[in-house]
Amino acid sequence: MHHIKISDHRNDPAVRRLLVLAAEPASEQALETLLDECEGLEVLASTTASGDVTALAAYRHSDSYAICVEYLAVDPALQGQGLGSALLAGLRDTYQKNIWATTDDDAVGFYRALGCLVSPSAADPRWPEAQRYLCTLPCYPLLTSQPEEDPGYEAVGGELMRGLIAIAEPTEQWAKDFHRLRDQIADALGSTALAIEHTGSTSVPGLPAKPIIDIILLVPDANQEASYVPALDSTGIILWHREPGWYGHRMLKPVAGSLLPEANIHVFSAGSPEYLRHLIFREHLKHNETDRLAYASVKRNAARALAASDGENGLVMDYNRIKEPFILDVHQRIFTR
């Protein structure tokens with residue numbers, strides 16, 4: 001594997017065939033436009049001993065933690081030999097970043113087999129009828145550490161909220177509330193919403209939780225608030241606070257009186273380590289009864305301890321701090337690979 005420049009391969013029949021496979025340009029002019037786009041991307045290629053290109057991944061660094069693979073293709077005669085997997089694993093291991101891409105039904109099985117986390121994604125305007133998926137290949141060392149910079153908490157729509165931290169027994173209503181919120185967010189953002197996932201304890205059947213729906217919304221760049229905040233604001237979901245130094249995190253909430261379920265909508269850029277932590281932790285709790293029951297006990301004890309010390313003046317961050325040792329222990333077990 002080595003890097004190539006598309007500018008040196010515009011007339012290479014093998015490269016042109018691979019890009020047609022990857023993006024299905026509708027015409028020769030569309031292919032030329034695609035080649036123009038790829039000149040602005042980095043391209044990792046697999047080649048034969050004689051230099052013929054047999055597979056390629058055209059990509060960009062989307063931020064400090066992730067690489068977006070825009071186009072991936074393997075010569076049909078060589079598919080099934082691990083060339084595509086080697087390209088993506090090579091990018092992850094070289095740069096120590098998460099790898100993300102969007103795809104359709106034809107290729108999603110490849111990404112699942114590679115070890116990607118898969119979320120339903122918004123329709124791509126280029127293929128409006130096709131079901132799309134966001135596929136993210138974790139770089140596990142990123143999941144066991146946190147950014148060293150100051151998160152830079154900035155209140156916008158509201159300050160930290162105090163109150164009695166109460167734990168409710170699980171209910172099927174939580175899933176319904178998530179679906180309602182997901183549909184509203186998806187309708188407002190269209191293709192900007194790369195993934196909308198139900199996370200936190202209300203997403204795990206059988207787990208007690210604070211009755212507030214946690215959602216992770218992935219967008220191309222969380223720091224570009226203009227791409228999503230105004231559209232959500234118009235539906236009654238407002239920017240509550242931002243933490244630019246913590247993966248570009250923004251949190252939004254339904255405004256009081258919106259008739260929407262109470263929720264915390266956490267916005268991150270695609271490829272965010274925090275998104276992967278939450279999804280892997282959620283799936284672990286769904287399938288590991290021992291840890292699920294232990295976490296339920298930790299949550300109830302944390303709520304009782306905070307109620308005893310702070311009453312109706314409790315902060316969620318203090319509740320989370322009590323739970324943190326258990327969560328970090330589980331993280332260490334499931335992220336060490």
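1. Start with strand β14, which is covered on both faces: Ala263, Ile265, Val267 and Ser269 are buried on one side, and Asn264, His266 and Phe268 are buried on the other. Keep in mind that this is a predicted model. As a reminder, side chains in a regular strand alternate between the two faces of the sheet.

2. How many residues of β14 are buried? It's 7 of the 7 in the run 263–269, so the strand is largely enclosed by the rest of the structure.

3. Now for the partners of β14. Strand β11 (residues 213–219) pairs with β14 in the parallel sense, over 7 bridges, and Val219 sits opposite Ser269 of β14. Strand β13 (residues 249–254) runs antiparallel to β14 and is joined to it by 3 bridges; here Leu252 stands opposite Ile265 of β14.

4. On to the cores. The largest nonpolar core holds 32 residues, and Trp100, Leu218, Tyr275, Ile280, Phe281 and Tyr295 have the most contacts inside it. Elements giving two or more residues to this core are β4 (66–74), α5 (140–143), β11, α8 (273–287), α9 (289–310) and α10 (316–335). Helix α8 gives the most, with 6 residues.

5. Which residues does Tyr295 contact, leaving aside neighbours within four places in sequence? You'll find Ser201, Leu207, Phe281, Leu285, Lys323, Phe326 and Ile327.

6. Val267 takes us back to β14, where Val267 is buried on the side with Ala263, Ile265 and Ser269.

Notes
Residues numbered from 1 in each chain as written. Predicted model: local features only at pLDDT ≥ 70, side-chain atom pairs only at ≥ 80, totals over all residues. Heavy atoms only, no water. Buried < 20%, exposed > 50% of the residue type's maximum accessible area, 1.4 Å probe, protein only. Helix = DSSP H or I, 4+ residues; strand = E, 2+ residues; numbered from the N terminus. Pairing = 2+ DSSP bridges. Core = buried A, V, L, I, M, F, W, Y, C linked by side-chain atoms within 4.5 Å. Contact = heavy atoms within 4.5 Å.
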